[in-house]
Amino acid sequence: MRTAVVTGGGTGIGRAIALALVDQGLDVTVTGRRAEVLAQVPNVKHVAFDATDPAAVEAALDSLPSTVDVLVNNAGGAVSGPDTKSRWLANYESNVISTVLVTEALAPRLADHGRVINIGSIAGRRGGGSYGAAKAAVEAWTADLAGELGKRQITANVVSPGLIVDTEFFGDSMTEERLNTLIGQTKNGRAGTPQDVAALVAFLASEHAGHITGQVLAVNGGAHLGR
Ligand SMILES: NC(=O)c1ccc[n+]([C@@H]2O[C@H](COP(=O)([O-])OP(=O)(O)OC[C@H]3O[C@@H](n4cnc5c(N)ncnc54)[C@H](OP(=O)(O)O)[C@@H]3O)[C@@H](O)[C@H]2O)c1
């Protein structure tokens with residue numbers, strides 16, 4: 001049975017990705033910092049650790065699959081901070097360091113013909129301050145990764161969502177006005193769902209997507225055009 005590891009798989013987009021991969025018949029492990037949240041995801045294994053902490057990532061390796069067919073680096077988010085430097089570093093840690101540490105730790109376990117899918121953001125192309133800059137760095141690093149892993153027929157891509165509701169991403173910061181503004185920027189006049197993102201990730205994870213690598217694929221209802 002093919003295996004998958006989905007970081008940040010306890011909530012929102014990561015949870016939907018984990019469930020979509022279970023539907024595809026994969027043996028899925030979800031990770032995140034809150035064990036009690038992970039435990040509520042059905043039909044998956046779960047391992048709690050902080051993906052930004054090198055020692056915690058190392059310690060988790062014993063509990064993660066010995067062969068990984070699909071790695072989805074989804075953990076991350078927009079982090080606030082008391083001052084400029086701490087906010088920039090916190091967003092870099094949450095989105096870039098987590099992705100790099102987990103990928104480097106699991107790279108020796110990636111199966112030939114495996115898949116690495118990193119979750120970026122529309123903010124990486126459109127602005128978004130320290131968070132957007134961190135997601136842009138994820139895109140740049142994924143281009144290198146595709147080159148490194150390509151020799152083993154492993155693909156590496158970024159899936160870049162726009163506004164996605166039904167997640168913990170916005171906390172209590174979302175207002176009706178902001179929501180309507182973001183929806184108004186789409187071409188189809190609706191917010192995205194975690195399932196919209198999961199459907200693309202599931203395709204990229206499949207055997208049909210072996211010649212798609214080094215790409216940034218948007219799921220944003222046309223709110224930003226990748227042309
Ligand atoms: N929702 C959107 O509109 C949107 C748009 C563009 C991109 N994204 C990206 O999509 C991804 C998923 O976010 P989401 O929208 O589904 O929000 P979410 O519900 O907040 O999911 C983020 C997940 O990542 C985990 N996580 C965060 N930091 C972690 C760390 N240091 N170590 C381990 N796990 C960590 C969280 O669990 P714990 O707190 O338990 O660790 C949580 O389950 C993120 O990378 C986000 O930047 C979201």
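## Ligand and pocket

Me: What classes of residue make up the shell around the ligand?
Reply: The shell has 11 nonpolar, 13 polar and 5 charged residues. Here Ala, Val, Leu, Ile, Met, Phe, Trp, Tyr, Cys and Pro count as nonpolar, Asp, Glu, Lys and Arg as charged, and the others, Gly among them, as polar. This is a predicted model: local features need pLDDT of at least 70, side-chain atom pairs need 80 or more, and totals for chains, interfaces and linings use all residues. Numbering starts from 1 along each chain as its sequence is written, and side-chain values use heavy atoms, without hydrogens and water.

Me: Which residues are closest to the ligand?
Reply: Thr11, Ile13, Arg33, Arg34 and Tyr131. In total, 29 residues surround the ligand, each with a heavy atom within 4 Å of it.

Me: And which oxygen or nitrogen pairs turn up?
Reply: A polar side-chain atom of Thr11 is 2.7 Å from a ligand oxygen. An N or O atom in the Arg33 side chain is also 2.7 Å from an oxygen of the ligand. For Asp50, a side-chain N or O atom lies 2.9 Å from a ligand nitrogen.

Me: How much of the ligand's accessible area does the protein cover?
Reply: 94% of the 880 Å² that the ligand has on its own, by the Shrake-Rupley method with a 1.4 Å probe.

Me: New topic. What classes line the largest pocket?
Reply: Its lining has 20 nonpolar, 22 polar and 8 charged residues.

Me: Which helix gives the most to that lining?
Reply: Helix 4, with 4 residues.

Methods:
Polar contact = N/O pair within 3.5 Å; in protein donor to acceptor, adjacent residues only side chain to side chain. Helix = DSSP H or I, 4+ residues; strand = E, 2+ residues; numbered from the N terminus.
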